[in-house]
Amino acid sequence: SSIINNNNNNNSGTGYVAYQCMSLTERKHLRRLLVYDLLPPCLEFRYDKVTNVRLTLMKTLQLLPPKDVQSLAAVAEVLRELETEVETWESYQAAPPPPPPPPQQQQQQSSNSSQRTMNTQASV
């Protein structure tokens, strides 16, 4: 807990932001790890049979720095593929409200409710 308090005191109460105090060398190393070690196996998830896995991959790739990582050919290709796929999903967009029941059904429902009201009043 003293480590946490020290970090909070150093930031003057503004809260800790991850990777804020990294040197240029550390940033380059982190980018190298991301691009060469982490991204290649992640990009294979574009072939996953589970829709939510592909959707999560797309959203994650969209959060990566555009100029730095999204511009890589492999990332751009997978992102474009997934975004095109998502556009074809009916359920991904906000689903429109269901259409109203046909008029015949509405009339039956209203006559059933009025008949119940009459039966209730007759039994009183």
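I sorted the lining of the largest pocket by residue class and found 9 nonpolar, no polar and 4 charged residues (nonpolar is Ala, Val, Leu, Ile, Met, Phe, Trp, Tyr, Cys and Pro; charged is Asp, Glu, Lys and Arg; polar is the others, Gly among them). The model is predicted, and local features need pLDDT of at least 70, side-chain atom pairs 80 or more, while totals for chains, interfaces and linings use all residues. Residues are numbered from 1 along each chain, and side-chain values use heavy atoms, without hydrogens and water.

I noted that H2 gives the largest share of this lining, 7 residues (helices are DSSP runs of H or I, at least four residues, numbered from the N terminus).

I then turned to helix H3 (residues 51-63) and helix H5 (residues 73-87), whose axes come within 10 Å and cross at roughly 125° (axes are lines fitted to C-alpha atoms over the stretch in contact, with angles from 0 to 180 degrees between N-to-C directions).

I listed the contact (heavy atoms within 4.5 Å): Arg54, Leu55, Leu57, Met58, Leu61 and Gln62 in H3 meet Val75, Val78, Leu79, Leu82, Glu83, Glu85 and Val86 in H5. By class, I recorded 9 nonpolar, 1 polar and 3 charged residues in the contact of H3 with H5.

Conventions
Helix = DSSP H or I, 4+ residues; strand = E, 2+ residues; numbered from the N terminus.
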